[in-house]
Amino acid sequence: MKQHVVEGGPDPVDTRLGARLAELRAERGWSLGELAERSGVSKSTLSRAERAEISPTASLLNQLCSVYGRTMSQLLSEVEAEPALLVRAADQQVWEDRASGFVRRSVSPPHSGLRGELVEGRLAPGADIAYDRPPVPGLEQHVWVLEGALGVTAQDVDHHLDAGDCLRLRVWGPTRFRCAGPEQVRYVLAVVLP
């Protein structure tokens with residue numbers, strides 16, 4: 001699994017994220033070895049992510065969210081200060097997986113008590129992200145392409161979406177999102193907890 005090594009000091013979001021990941025593991029009383037067994041992620045990668053020595057990839061966060069029973073937005077909202085009712089565009093949490101060419105913007109104001117959220121995703125040309133499992137089994141997703149072309153694989157079925165197309169699915173197993181055209185793809189992901 002490729003990880004982005006942090007140069008010139010850790011990003012403040014990665015530092016808060018690493019601390020939250022360490023808290024979640026400690027709350028369950030798990031060692032790094034136990035978490036590695038449950039998540040399928042090496043102990044060294046987990047340790048480096050908790051210490052913010054690496055910027056975790058989308059795939060890594062997805063594996064950890066699955067173990068902890070959270071969506072990625074819930075996890076990322078937990079590293080923010082205070083939930084708000086309104087989040088201006090300039091203040092929306094943006095997270096980048098530089099290794100895969102994926103940029104994720106949490107559009108919805110984060111709140112752990114809500115079941116739905118909106119996320120803007122951008123994939124660079126050639127970007128291909130595979131998730132081995134959903135963060136929460138049975139998660140409902142609506143994928144609406146705003147610009148470009150997106151390939152989505154779910155339940156062993158390939159879907160090609162062009163601008164304006166929307167795919168609704170319930171996620172039980174592996175999924176894959178890939179930029180299916182020569183230009184970046186930008187899409188909205190509406191996520192609803194079961």
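## Buried glutamine 63

A residue is called buried when its relative accessible area is under 20%, exposed when it is over 50%, and partly exposed in between, using a 1.4 Å probe and protein chains only. By that rule glutamine 63 is buried, as its relative accessible area is 6%. Glutamine 63 sits in helix H4; helices here are DSSP runs of H or I with at least four residues, strands are runs of E with at least two, and both are numbered from the N terminus. Glycine 40 is 23 residues away from glutamine 63 along the chain, yet their C-alpha atoms are separated by 7.7 Å.

A word on the model itself: it is predicted, so local features need pLDDT of at least 70 and side-chain atom pairs count only at pLDDT 80 or more, while totals for chains, interfaces and linings use all residues. Residues are numbered from 1 along each chain as its sequence is written, and side-chain values use heavy atoms, with hydrogens and water left out.

## The whole protein

Welcome to the overall view: the protein has five helices and twelve strands. Its radius of gyration is 16 Å, close to the 16 Å from the globule rule for 194 residues, so the protein is as compact as a globular protein of that length. (The radius is taken over C-alpha atoms, and the rule is 2.2 Å times the number of residues to the power 0.38.) Along the principal axes, the C-alpha atoms fill a box of roughly 45 × 35 × 35 Å.

Of the 194 residues, 47% are buried. A contact means heavy atoms within 4.5 Å, and among contacts with a separation of 6 or more, 69% join residues 24 or more positions apart.

## The nonpolar core

Which residues touch the most other members of the largest nonpolar core? They are Met72, Phe102, Leu123, Val143, Leu150, Phe177 and Tyr187, in a core of 45 residues. Helix H4 gives the most to this core, with six residues. Such a core is a set of buried Ala, Val, Leu, Ile, Met, Phe, Trp, Tyr and Cys residues joined through side-chain atoms within 4.5 Å.

Leaving aside residues up to four places away in sequence, tyrosine 187 touches a list of residues including Phe102, Leu123, Val143, Leu150 and Phe177.

Helix H3 spans residues 43-50, and its buried residues are Thr45, Leu46, Ser47, Ala49 and Glu50. Their cover includes helix H1 (12-27), helix H2 (32-39), strand E2 (54-55) and helix H4 (58-68).

After H3 comes alanine 52, in the loop between H3 and E2. Is alanine 52 buried or exposed? At 6% relative accessibility, alanine 52 counts as buried.

Leucine 161 belongs to strand E9 (residues 157-162) and counts as buried at 4% relative accessibility. Beyond residues up to four places away in sequence, leucine 161 touches Val143, Val145, Gly148, Ala149, Leu150, Val152, Cys166 and Leu167. Tryptophan 144 is 17 residues from leucine 161 in sequence, and the two are 8.3 Å apart in space, C-alpha to C-alpha.
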